[in-house]
Amino acid sequence: MDLLKQRFEEHMNRHPNLTWEDVEQRLTAQIRKVIANMEATGGEPDVVVFKDKIAYVDCCKESPKERRSLCFDEEARRKRKKNPPKSSVQEEAESIGIQLLSIQDYQDLQSLEEFDLKTSSWVATPDSIREKGGAVFMEKRYGTVFLYHNGADSYYASRGFRGYIEI
């Protein structure tokens, strides 16, 4: 809790108009467990106020190191015959207890400060893209947030994922 409070106080731009007391009141035992999982996998969770929610979000500068080299979902992992990854983004997010950032969430996060300047992060993919075998990821380069696509079965050492849990 001390680390979360310190991070909260150091990054007030992520949650204007909130106090630590406001946040602390919302932290149920289950939410605390999920936040601990986020921290344990390198996410550096902090409170972020989005347009439609208040959430603990992975705020590490680069995509969490312990969450890289993963394809998008279990279906893609199972279909990959040659060199399948150990797991997938959706399986890992579920085990941590978080939701993937949406495209809009990722853009909103990037409006607060710069993330993923050297890495990229898978984001929630629209069904219309996933049904065709694709998935989407985002990163920030040249002062601009970019949205890209790849086959859902692809994975790279520099691509991970960010997630959140609403509080």
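Buried residues are taken here as those with under 20% relative accessible area, exposed residues as those with over 50%, and partly exposed residues as those in between (1.4 Å probe, protein chains only). The structure is a predicted model, in which local features need pLDDT of at least 70 and side-chain atom pairs count only at pLDDT 80 or more, while totals for chains, interfaces and linings use all residues. Residues are numbered from 1 along each chain as its sequence is written, and side-chain values use heavy atoms, with hydrogens and water left out. Helices (H or I, at least four residues) and strands (E, at least two) are DSSP runs numbered from the N terminus.

Strand S2, which spans residues 54-58, is mostly covered, 5 of its 5 residues being buried. Ile 54, Tyr 56 and Asp 58 point one way from S2, whereas Ala 55 and Val 57 point the other way, and all are buried. In a regular strand the side chains alternate between the two faces of the sheet.

Strands are described as paired if DSSP finds at least two bridges between them. On this basis, 4 strands form an open sheet in the order S1-S2-S8-S3, with antiparallel pairing. Its edge strands are S1 and S3 (99-100), each of which pairs on one side only. Strand S1 (residues 45-49) pairs with S2 in the antiparallel sense over 5 bridges, and the two strands form a hairpin with 4 residues between them. Within this pairing, Val 49 has Ile 54 of S2 as its bridge partner. S2 also pairs with strand S8 (residues 163-166), again in the antiparallel sense, over 3 bridges, and Val 57 stands opposite Tyr 164 in S8. S8 is joined in turn to S3 by 2 bridges, the strands running antiparallel, and Leu 100 has Gly 163 of S8 as its bridge partner.

A salt bridge is counted where a side-chain nitrogen of Lys or Arg lies within 4 Å of a carboxyl oxygen of Asp or Glu, and a search of the whole structure finds 17 of them. One of these salt bridges is formed by Lys 53 and Asp 105, whose closest N and O atoms are 3.2 Å apart. This pair links distant parts of the chain, with Lys 53 in the loop between S1 and S2 and Asp 105 in helix H6 (residues 103-112), 52 residues apart. Lys 53 counts as buried because its relative accessibility is 10%, and Asp 105 is likewise buried, with a relative accessible area of 5%.

A further salt bridge brings together the side chains of Lys 61 and Glu 113 (2.9 Å, N to O). Here too distant parts of the chain are linked, since Lys 61 lies in the loop between S2 and helix H4 (74-79) and Glu 113 in the loop between H6 and strand S4 (120-122), 52 residues apart. Lys 61 counts as partly exposed at 44% relative accessibility, whereas Glu 113, at 14%, counts as buried.

The side chains of Glu 91 and Arg 77 also meet in a salt bridge (2.7 Å, N to O). Glu 91 lies in helix H5 (residues 89-96) and Arg 77 in helix H4, so the pair ties together parts that are 14 residues apart in sequence. Glu 91 is partly exposed, with a relative accessible area of 23%, while Arg 77 is buried, with a value of 18%. Salt bridges that share partners join Arg 14, Asp 46, Lys 61 and Glu 113 into one network.
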